[in-house]
Amino acid sequence: MAPWYAPSLRSRLAPLLLLLQTGFIVIYALCTKIDSRAKAHGTAFSSFYSEFQDVNVMVILGFGFLCTFLVRYGFSGSGFNLLVAVIATQWAVILLGVESWYYTGWIRINLRSLVVAEMCAASALISMGAVLGKTNPVHLIFIALLEVSGFVLNEWLLQTLLKVQYLNSIMLLHIFGAFYGVMLTWILHREGSELGFEKEKFDRKTGLFSMLGTVFLWMFWPSFNSVLVDAHTPGRKLGAVCSTYLALAVSAVTAAAVSVLSSPKGKLNLVHMQSCILAGGVAVGVSMSEVQQPWEAMTIGFTAAVVSTIGFRYLKIHMLLAFQCHDTCTVLSTHGLPGLLGWLAQLFLQIRDCDDHTTAIRFAVFHICTLLITISLSLSMGIITGLLLKWTIWRPPQDKKCFDDQAFWEFPNLAVRK
């Protein structure tokens with residue numbers, strides 16, 4: 001089986017990786033320098049490094065183990081996650097530093113820029129979940145490059161045209177990544193996927209490893225939501241951490257309850273628990289700038305878990321049958337719907353605090369424009385990427401080889417001995 005795929009990887013993956021990495025090295029050599037100042041954006045290295053590590057653990061370990069739930073796709077789920085994450089992060093550092101390079105001649109790299117780049121990479125990993133198992137590594141690399149480019153462009157448009165706060169524009173990564181992935185899987189639809197793929201299965205062992213990824217994400221999500229919050233405002237960062245933790249705690253309890261209620265046998269569903277307990281963290285992250293009270297965060301977490309669990313139970317099959325969207329990791333229910341709920345909660349909380357109707361209407365219009373720009377750009381980039389990846393030159397895996405590690409990895413126990 002392996003030799004059938006080996007020429008594809010040798011002639012396409014290796015040259016692409018070497019070309020990209022060589023290009024990155026040249027750009028970094030000519031245009032970047034380490035920002036050696038004692039403080040980056042007012043934050044000391046010693047206090048920011050731990051938060052950088054938390055985000056790093058989420059992106060590499062959390063998303064990596066989360067993608068190992070498929071029985072015969074554990075190597076690819078974790079290995080390709082790392083490959084996409086590091087390529088997307090390097091590319092994001094360059095794109096995010098273009099403005100600094102234009103004015104000063106240098107792209108300055110510090111812990112904050114690396115954190116923002118990893119958050120951009122997280123958006124690409126969300127999109128990757130929608131097509132997990134149905135693509136090859138070359139596809140995933142192109143997805144990472146184009147998705148990060150689109151997300152950085154979206155961030156620039158929101159901050160330039162609508163003067164959206166930096167934190168708010170970054171936290172839209174869940175909505176952007178989910179809709180990008182859904183559009184991508186719609187363009188790359190395979191005939192017969194409505195009947196299911198032969199190897200798209202999970203068992204106890206892979207479910208346990210995937211649950212480990214969920215635990216990593218759940219533990220470090222407060223840092224992910226609070227790392228870019230202004231630490232100079234008294235209590236602002238603490239409020240972000242506490243709000244995220246409470247939303248995650250409530251969503252975990254609620255997801256368990258709704259999973260039992262929606263199960264025909266009245267039992268817990270491990271897949272629901274793996275993804276839907278994170279819905280509160282997604283929703284409260286998008287609405288973080290307006291959440292002030294603990295009960296607000298808990299209400300958002302409760303609603304997000306209900307929406308996510310019901311979506312996970314019923315939306316995936318309906319999206320497949322009605323729109324031909326085979327969403328492997330159900331990123332629309334895990335990130336898209338909770339992200340939209342967080343956006344709606346932010347709109348409601350901001351309007352509630354407005355003193356007059358004129359200000360409220362103006363904010364609502366700008367807030368709606370923010371969502372429209374984000375979704376429009378994500379869908380457009382998804383279409384462009386999907387059409388590019390449909391070219392047979394990239395040699396996508398055959399239907400029978402989808403969700404199978406043997407297409408890309410060596411297995412010594414399967415080698416033919418001469």
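Trainee: Where is phenylalanine 363 found?
Mentor: In this predicted model, phenylalanine 363 is part of helix H15.

Trainee: And what does phenylalanine 363 touch, leaving out residues up to four places away in sequence?
Mentor: Phenylalanine 363 touches Gln346, Leu347, Gln350 and Ile351.

Trainee: Is phenylalanine 363 buried or partly exposed?
Mentor: Partly exposed, at 22% relative accessibility. Buried means under 20%, so phenylalanine 363 at 22% does not count as buried.

Trainee: Okay, new topic. How many salt bridges does a search of the whole structure find?
Mentor: The search finds three. In one of them, the side chains of lysine 237 and glutamate 51 meet at 3.5 Å, N to O. Lysine 237 sits in helix H10 and glutamate 51 in helix H2, so this pair ties together parts that lie 186 residues apart in sequence.

Trainee: Is glutamate 51 buried or exposed?
Mentor: Glutamate 51 is buried, and its relative accessible area is 12%.

Trainee: What about arginine 72, which residue does its side chain meet in a salt bridge?
Mentor: That would be aspartate 404, at 3.7 Å from N to O. The pair links distant parts of the chain, 332 residues apart: arginine 72 is in the loop between H2 and helix H3, while aspartate 404 is in the segment after helix H15.

Trainee: How accessible are those two partners, arginine 72 and aspartate 404?
Mentor: Arginine 72 is partly exposed at 34% relative accessibility, whereas aspartate 404 is buried with a relative accessible area of 2%.

Trainee: And arginine 352, which glutamate does it pair with?
Mentor: Arginine 352 forms a salt bridge with glutamate 296, with 3.0 Å from N to O. Here a residue of helix H14, arginine 352, is linked to one of helix H13, glutamate 296, and they are 56 residues apart. Glutamate 296 counts as buried at 4% relative accessibility, while arginine 352 is partly exposed with 38%.

Trainee: Let's stay with H13 for a bit. Which residues does leucine 315 contact, its neighbours within four places aside?
Mentor: Leucine 315, which has its place in helix H13, is in contact with Ile310, Leu332, Ser333 and Leu337. Leucine 315 has a relative accessible area of 26% and is partly exposed.

Trainee: I was also checking backbone angles. What is phi of glutamine 324 near?
Mentor: Phi of glutamine 324 is near 60°, a positive value in a residue other than glycine. You'll find glutamine 324 in the loop between H13 and H14, partly exposed at 34% relative accessibility.

Trainee: And what is phi for threonine 330?
Mentor: Positive, about 50°, although threonine 330 is not a glycine. Threonine 330 also lies in the loop between H13 and H14, but it is buried, with a relative accessible area of 2%.

Trainee: You mentioned H9. Where is its kink?
Mentor: At phenylalanine 220, shortly before proline 222, and the kink is about 50°. H9 has 23 residues and reaches 34 Å from its first C-alpha to its last, close to the 33 Å expected.

Trainee: Last one. Which residues form a nonpolar patch on the surface?
Mentor: Val98, Trp101, Tyr102 and Tyr103, with about 510 Å² of accessible area together. Tyrosine 102 belongs to helix H4, residues 98-104, and counts as exposed at 62% relative accessibility.

How values were computed. Residues numbered from 1 in each chain as written. Predicted model: local features only at pLDDT ≥ 70, side-chain atom pairs only at ≥ 80, totals over all residues. Heavy atoms only, no water. Salt bridge = Lys/Arg side-chain N within 4 Å of Asp/Glu carboxyl O. Helix = DSSP H or I, 4+ residues; strand = E, 2+ residues; numbered from the N terminus. Buried < 20%, exposed > 50% of the residue type's maximum accessible area, 1.4 Å probe, protein only. Contact = heavy atoms within 4.5 Å. Expected span 1.5 Å × (residues − 1). Bend = angle between axes of the 7 residues up to and from the residue. Patch = residues over 30% accessible without salt bridge, like charges linked within 9 Å, V, L, I, M, F, W, Y side chains within 5 Å. Areas by Shrake-Rupley, 256 points an atom, 1.4 Å probe, with all protein chains shown as cover.
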